[in-house]
Amino acid sequence: MTWTTFHNRGEILRLVTATVDARRDGILPMDLEGVTEAFGDELTLLAALQLKWHTRLAGAIERVLTDQPMDLDDAIERAWGETADTLPGIRLVLDRHRAEPLDDAMAAAMTKATGKEHMMLAVMAGRSSVDDPTSAGVGAHLEEAARLRHRGAPAVVLHPARPSLLERLKAVVAA
């Protein structure tokens, strides 16, 4: 991997995210220019998308928990749904490759990532500890509840257009 390829990796990941959001087919967009050079193979790209999902989900959970909700399960479900709305294409890619991995290495990676996500959900909901062997099952139940709750809600890409400087100045003057 060259310096330029490594340097542009974040830009390419943003392009991948926008593409999977637009396509919504659950397929890794290895056909995009620069993806193979930046990520090499499907497993590496999938790992980058998994990390983006996990990071965004953890942030959403932290944000919801700062409101000190009385119902932690509800808070976790809302955070999961918010993240699914924010990253709908990535969620579809992860779901597809969890159900239909391309090979044994991808199956193992998705099983491990899913288990860690389930453990995080259970721990953040206050229903288990990190060392608790039942945490994955509790987290899987929380994910399923979040999916059932989220089902039917439109998966909207939340990329609001930022107003120009002139539009912001006009709004200030008008106020």
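**Notes on the helical packing**

1. Glu143 has its place in helix α8, where helices (H or I, at least four residues) and strands (E, at least two) are DSSP runs numbered from the N terminus. With a relative accessibility of 3%, Glu143 counts as buried, the classes being buried under 20% relative accessible area, exposed over 50% and partly exposed in between, with a 1.4 Å probe and protein chains only. Once its neighbours within four places in sequence are left aside, Glu143 is in contact with Trp80, Arg98, His118 and Leu121, contact meaning heavy atoms within 4.5 Å.

2. A word on the basis of these notes. This is a predicted model, in which local features need pLDDT of at least 70 and side-chain atom pairs count only at pLDDT 80 or more, while totals for chains, interfaces and linings use all residues. Residues are numbered from 1 along each chain as its sequence is written, and side-chain values use heavy atoms, with hydrogens and water left out.

3. The chain as a whole has 9 helices and 0 strands. Of its 175 residues, 37% count as buried, and among contacts between residues at least 6 apart in sequence, 62% join residues at least 24 apart.

4. Which residues of α8 are buried? They are Ser135, Val138, Gly139, Leu142, Glu143, Ala146 and His150, and they cover an arc of only 140 degrees around the axis, which puts them on the same side of α8; the arc is that of the directions from the helix axis to the C-beta atoms. The cover over these buried residues includes α5 (72–86), α6 (88–99) and α7. The 16 residues of α8 should span 22 Å at 1.5 Å a residue, and the end C-alpha atoms are 22 Å apart, which agrees; the expected span is 1.5 Å times one less than the number of residues.

5. Helix α7 (residues 104–124) packs on helix α8 (residues 135–150) at an angle of about 85 degrees, with the axes 7 Å apart; axes are lines fitted to C-alpha atoms, for helices over the stretch in contact, and angles run from 0 to 180 degrees between N-to-C directions. That makes α7 roughly perpendicular to α8, given that angles of 65 to 115 degrees count as roughly perpendicular, those under 35 as roughly parallel, those over 145 as roughly antiparallel and the rest as oblique. On the α7 side the contact is made by His118, Met119, Leu121 and Ala122, and on the α8 side by Ser135, Ala136, Val138, Gly139, Ala140, Leu142 and Glu143.

6. The axes of α2 and α4 come within 11 Å and cross at roughly 80 degrees, so α2 is roughly perpendicular to α4. Here the contact is made by Arg9, Leu13, Val16 and Thr17 of α2 and by Thr44, Leu45, Ala48, Leu49 and Lys52 of α4.

7. In α6 the buried residues are Pro88, Gly89, Ile90, Arg91, Val93, Leu94 and His97, and what covers them includes α2 (9–23), α4 (42–65), α5, α7 and α8.

8. Two loop residues may be worth a look. Arg24, in the loop between α2 and α3 (35–39), has phi near 50 degrees, a positive value in a residue other than glycine, and is partly exposed, with a relative accessible area of 33%. Gln68, in the loop between α4 and α5, also has a positive phi, near 50 degrees, and is exposed, with a relative accessible area of 66%.
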